[in-house]
Amino acid sequence: MPIYTLFPLVAVTGAAGFLIGALAQQDISYRKLNDEMVRDPYVFRSRRKIFRALSFLGITASPTVQLTERGQSITSESSFEESETESSEIISSPDTGSVSLFEQFILWSRSQVNHVIMFMTFSIGAEQPHYKEISHVASIMKYGFPGMDEIRVYKNFVLSYDRRNRIAHWVCEHIRGECLAYRDPQTLEKPNEYIADQSIPSMFCPNMRDFRNTEWVGGHMASPQNYKCNVTMFNEAYKFPNIVPISRALKNNVWLRLEHYVRELALKSGSVYVYTGPMFMPQRITFRNWAIRHHVMGMNTVAVPTHFFKVIISEHRQQGVLPFVEGYVVPNAEVDSETDLRSFLADVRDIEHFAGLKFYDGEQRKRLDFTSSDSSWDIEYIN
């Protein structure tokens with residue numbers, strides 16, 4: 001076929017297809033607007049110009065049964081202009097026979113395409129996050145929430161996440177003595193890397209690259225050694241919201257001893273609730289001026305706390321006895337490994353002041369006597 005004949009033929013075919021599609025779309029739009037007008041007279045009044053634009057198709061208003069304000073039914077066969085004056089009449093259900101066969105086919109095709117897209121999205125796409133069972137929150141948070149900023153619930157602990165600093169405000173865990181007495185053999189092998197929480201946007205979450213080539217290492221606010229009885233709970237302690245930058249010397253000495261003390265306390269009392277979190281303590285600049293200075297690390301600017309706190313609520317085995325509450329504040333720096341843990345005892349009210357949190361008002365211990373041995377801690381409490 002000559003090229004001077006092919007081009008006009010293609011142009012005419014394209015124009016005809018466009019015209020047919022436009023007329024079909026106008027017909028569908030008219031019918032949808034007519035249905036909306038039947039349901040809501042205001043739609044007709046505000047879009048009457050669109051109906052006038054379609055008048056060249058010879059379309060007139062179909063008879064509709066209308067219900068007046070007095071409850072009387074009337075039949076109207078007027079044109080669009082005459083129907084405009086009947087604003088006081090409330091129109092009943094639309095004519096079901098006004099939907100053309102062509103429109104039904106279009107709507108059916110769209111629904112089938114949506115079903116196919118949804119099937120492909122949920123079956124082939126990324127794995128959907130599993131909804132966590134949160135019935136155990138009441139048992140973990142028995143003594144209340146210190147704060148309510150972006151609460152995250154896990155199987156063995158609950159935390160409040162700080163998006164700006166990429167660490168948690170606080171972590172609360174319930175440590176039971178029976179879980180410490182048994183170890184699942186699967187927990188002997190820990191994860192090679194910390195696990196990202198997919199429910200937190202990646203721009204607010206740290207990654208392993210942030211911890212490389214720094215003087216800080218990842219520390220657990222809820223220690224995985226508290227959950228050796230269950231491999232799922234053990235692995236959840238390695239998720240990034242539970243990880244915080246900590247001095248290596250502190251993690252391997254004083255912080256480890258403090259975690260071990262909490263476990264020994266849980267074995268003796270049977271049930272211990274622990275709140276752990278970062279602190280950013282102010283430093284004196286001049287005589288009257290103070291400032292908060294702290295490091296950030298990595299491309300995600302993960303905040304490095306200046307201190308850490310632990311608020312320990314130890315329940316008594318006897319019913320009706322108030323639990324004991326004690327607080328510790330430890331600097332995020334190298335500390336002499338021989339330092340007595342009693343030197344880090346702090347008033348819980350002071351922790352509340354600098355951390356911006358509120359804890360349970362229990363009976364605080366007045367004095368603790370520690371005597372360490374090779375295998376365990378012999379802890380005696382004197383009130």
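Because the model is predicted, local features need pLDDT of at least 70 and side-chain atom pairs count only at pLDDT 80 or more, while totals for chains, interfaces and linings use all residues. Residues are numbered from 1 along each chain as its sequence is written, and side-chain values use heavy atoms, with hydrogens and water left out.

The secondary structure of the protein chain consists of 11 helices and 19 strands, where helices (H or I, at least four residues) and strands (E, at least two) are DSSP runs numbered from the N terminus. Of the 383 residues in the chain, 41% are buried; buried here means under 20% relative accessible area, exposed means over 50%, and partly exposed lies in between, with a 1.4 Å probe and protein chains only. The chain exposes about 22700 Å², of which carbon and sulfur atoms supply 56%, the areas coming from the Shrake-Rupley method with a 1.4 Å probe and, for residues, only the protein chains shown counting as cover. Among contacts (heavy atoms within 4.5 Å) with a separation of 6 or more, 65% are between residues 24 or more positions apart.

In soluble globular proteins, nonpolar side chains tend to be buried together. A nonpolar core is a set of buried Ala, Val, Leu, Ile, Met, Phe, Trp, Tyr and Cys residues joined through side-chain atoms within 4.5 Å. The largest such core in this model has 47 residues, and L250, Y261 and I312 are those with the most contacts inside it. Helix α10, which spans residues 254–269, gives the most to this core, with seven residues. Another core lies apart from it and has 21 residues, among them C172, M279, I313 and I351.

What does the UniProt record list for "active site"? The unreviewed entry lists H220 under that name; UniProt positions are given in the numbering used here, feature names are shortened, and annotations may be inferred rather than shown by experiment. H220 lies in strand β7, residues 216–220, and is buried because its relative accessible area is 10%. Not counting residues up to four places away in sequence, H220 touches Y194, A237, Y238, N242, I243, W255 and E259. The side chain of H220 also reaches the backbone oxygen of A237 at 3.0 Å. S223 is found in the loop between β7 and α8 (231–236), and at 5% relative accessibility S223 counts as buried. With residues up to four places away again set aside, S223 touches E173, A237, E259 and R263.

The structure holds 13 aromatic pairs. Rings of Phe, Tyr and Trp (its six-membered ring) pair if their centres lie within 6.5 Å, and planes under 30 degrees apart count as stacked, over 60 as edge-to-face and the rest as tilted. F145 and W170 form an edge-to-face pair, with 6.2 Å centre to centre and 75° between the planes. This pair links distant parts of the chain, since F145 is in the loop between α6 (137–140) and β4 (151–153) and W170 is in strand β6 (residues 167–176), 25 residues apart. F145 is partly exposed, with a relative accessible area of 32%, whereas W170 counts as buried at 0% relative accessibility. F145 and W170 form one aromatic cluster together with Y275, F309 and F359.

Two further places bring together residues that are separated along the chain. C179 is in helix α7 and counts as buried at 11% relative accessibility. The C-alpha atoms of C179 and C229 are separated by 5.3 Å, although these residues are 50 residues apart along the chain. Leaving aside neighbours within four places in sequence, C179 is in contact with N226, Y227 and C229. F204 is placed in the loop between α7 (177–180) and β7, and its contacts beyond four places in sequence are with Y161, R163 and R166. The C-alpha atoms of F204 and Y161, 43 residues apart along the chain, are separated by 9.8 Å.

Finally, the backbone deserves a look at two loop residues. E150, in the loop between α6 and β4, has phi near 45°, a positive value in a residue other than glycine, and counts as partly exposed at 24% relative accessibility. T301, in the loop between β12 (296–297) and β13 (302–303), has phi near 50°, a positive value in a residue other than glycine, and counts as partly exposed at 37% relative accessibility.

How values were computed
A polar contact is a pair of N or O atoms within 3.5 Å; within protein, one must be able to donate a hydrogen and the other to accept it, and residues adjacent in sequence count only if both atoms are side-chain atoms.
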